[in-house]
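Here's a quick briefing for anyone meeting this structure for the first time. Have a look at the picture, then read on.

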Amino acid sequence: MNDYYADLGVARDATADEIKKAYRRAARKLHPDVNPGPEAEEQFKKVSQAYDVLSDAEKKRNYDMGADPYAGAGASGFGQGFSFSDVMDAFFGAGAGQAQGGGPRSRQARGQDALVRLDLDLADAVFGAEKELTVDTAVGCSTCHGAGTQPGTGTRTCDVCQGSGHIQQVQRSFLGQVMTSRPCVNCQATGQVIEAPCYECSGDGRVRSRRTLTIRVPAGVDTGTRIQLAGEGEVGPGNGPAGDLYVEVAVRRDQRFQRQGDDLHATLEVPMTAAALGATVPFETFDGVSELDVRRGIQSGEQILLRGLGVTHLRGSGRGDIIVHAMVATPTKLTSEQEDLLRQLAALRDEEKPTGQVANPTEGSLFGKLRDAFKAR
């Protein structure tokens with residue numbers, strides 16, 4: 001077997017990017033136009049052959065398991081390096097279709113979509129907001145404008161595939177000689193070779209860049225909502241069309257409100273006297289201060305509704321509500337005067353020796369109200 005890792009000068013656990021960079025370095029050094037001579041030409045063929053195997057995931061996997069696609073037929077199976085897919089290509093025309101009808105591929109390709117996270121306060125989700133977002137994506141190279149070549153230089157027809165972008169190979173199997181077509185690794189199936197790659201982008205036509213976008217966050221978004229920005233993702237190879245940018249929203253936890261759908265839930269602690277006598281208390285909302293009417297005799301767990309002050313509906317018009325859960329606060333420390341007053345009240349209400357009463361946990365009872373209140377939260 002050939003030692004393709006040694007031919008490219010990479011480790012066996014090298015990544016695809018490391019293999020690609022090693023091949024580019026070797027190809028620039030050994031290409032016949034740069035280094036004429038039979039030895040350099042032979043070395044160039046070896047590194048091209050090594051890259052053909054190691055850059056293809058299936059070929060590399062087979063090679064690591066002991067099958068060398070350039071070692072010829074073996075004694076068992078399809079022979080070393082002859083995969084079942086090669087036979088399928090030969091019989092059903094997949095390889096032939098690439099060689100005859102496919103032609104060289106363009107250096108330009110659509111870029112990948114990108115996903116970033118945007119943290120928002122609850123108030124931004126209620127009303128919507130404009131936010132600045134910093135993203136790090138691939139953009140077109142400003143030096144070569146996507147051509148991948150140094151200024152003043154260009155490309156030439158690939159000597160290996162003669163501009164077709166594919167190489168035909170004849171391999172032996174138990175079925176006899178089979179012709180297959182493979183993308184040319186010398187020109188990356190484009191049919192053209194960059195003689196002097198751009199120093200800025202190394203011939204890729206794009207570079208990494210950090211930029212700031214201003215996006216409009218619609219009212220009503222929630223954690224997990226994704227906003228699509230068409231054409232703001234990764235620019236493709238060769239300065240190809242950019243993919244889309246998806247902004248995933250994450251709403252921060254609010255100290256006062258808990259969101260359920262488009263409704264906002266809050267808990268209001270009501271003094272015992274206010275609960276007994278009723279009161280009007282100021283209540284802070286995202287729209288400002290509202291007057292909250294605490295009815296006379298309110299019990300813990302009962303709800304007070306502020307209509308139309310919740311989260312804006314993401315689809316459609318209108319807003320949700322604010323649902324305030326009352327919690328009656330019983331004093332824990334009393335002065336002697338306060339204690340005397342409460343004892344007088346207990347005497348007036350015939351509650352000096354309360355017997356206590358077990359409440360039925362049904363709708364309308366204190367237990368049921370507390371249960372529903374905590375479920376709602």
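Are Phe257 and Phe283 buried or exposed? Both of them are buried. Keep in mind that this is a predicted model. With that said, here's a short tour, beginning with the aromatic rings.

**Aromatic pairs**

- Searching the whole structure turns up 5 aromatic pairs.
- One of them joins Phe257 and Phe283 in an edge-to-face arrangement, with 6.2 Å centre to centre and 80° between the planes.
- Phe257 sits in the loop between strand 9 (245-251) and strand 10 (258-260), while Phe283 belongs to strand 12 (residues 279-285), so this pair ties together parts that are 26 residues apart in sequence.
- Phe257 also pairs with Phe286, and this time the pair is tilted: the rings are 5.4 Å centre to centre, with 40° between the planes.
- Why does Phe257 count as buried? Because its relative accessibility is 5%, and buried means under 20%.
- Elsewhere, ring pairs connect Tyr4, Tyr5 and Tyr63 into a cluster.

- Helix 9 has 13 residues and reaches 18 Å from its first C-alpha to its last, close to the 18 Å expected at 1.5 Å a residue.
- Leu345 has its place in helix 9 (residues 336-348).
- At 44% relative accessibility, Leu345 counts as partly exposed.
- Together with Met272, Leu334 and Leu342, Leu345 makes a nonpolar surface patch of about 300 Å².
- Just after helix 9 comes Asp350, with a positive phi of about 55°.

- Most residues other than glycine have a negative phi.
- His145 isn't a glycine, yet its phi is positive, at about 55°.
- You'll find His145 in the loop between strand 2 (129-140) and strand 3 (155-157), and with a relative accessible area of 62% it is exposed.
- Ser202 isn't a glycine either, and has a positive phi of about 60°.
- Ser202 is in the loop between strand 6 (192-194) and strand 7 (206-217), and its 38% relative accessibility makes it partly exposed.

Technical notes:
Residues are numbered from 1 along each chain as its sequence is written. This is a predicted model: local features need pLDDT of at least 70, side-chain atom pairs count only at pLDDT 80 or more; totals for chains, interfaces and linings use all residues. Side-chain values use heavy atoms; hydrogens and water are left out. Patches are made of residues with over 30% relative accessible area and no salt bridge: like charges are joined within 9 Å, nonpolar side chains (Val, Leu, Ile, Met, Phe, Trp, Tyr) within 5 Å. Accessible areas come from the Shrake-Rupley method with a 1.4 Å probe; for residues, only the protein chains shown count as cover. A salt bridge is a side-chain nitrogen of Lys or Arg within 4 Å of a carboxyl oxygen of Asp or Glu. Helices (H or I, at least four residues) and strands (E, at least two) are DSSP runs, numbered from the N terminus. Buried means under 20% relative accessible area, exposed over 50%, partly exposed in between (1.4 Å probe, protein chains only). The expected span of a helix is 1.5 Å times one less than its number of residues. Rings of Phe, Tyr and Trp (its six-membered ring) pair if their centres lie within 6.5 Å; planes under 30 degrees apart count as stacked, over 60 as edge-to-face and the rest as tilted.
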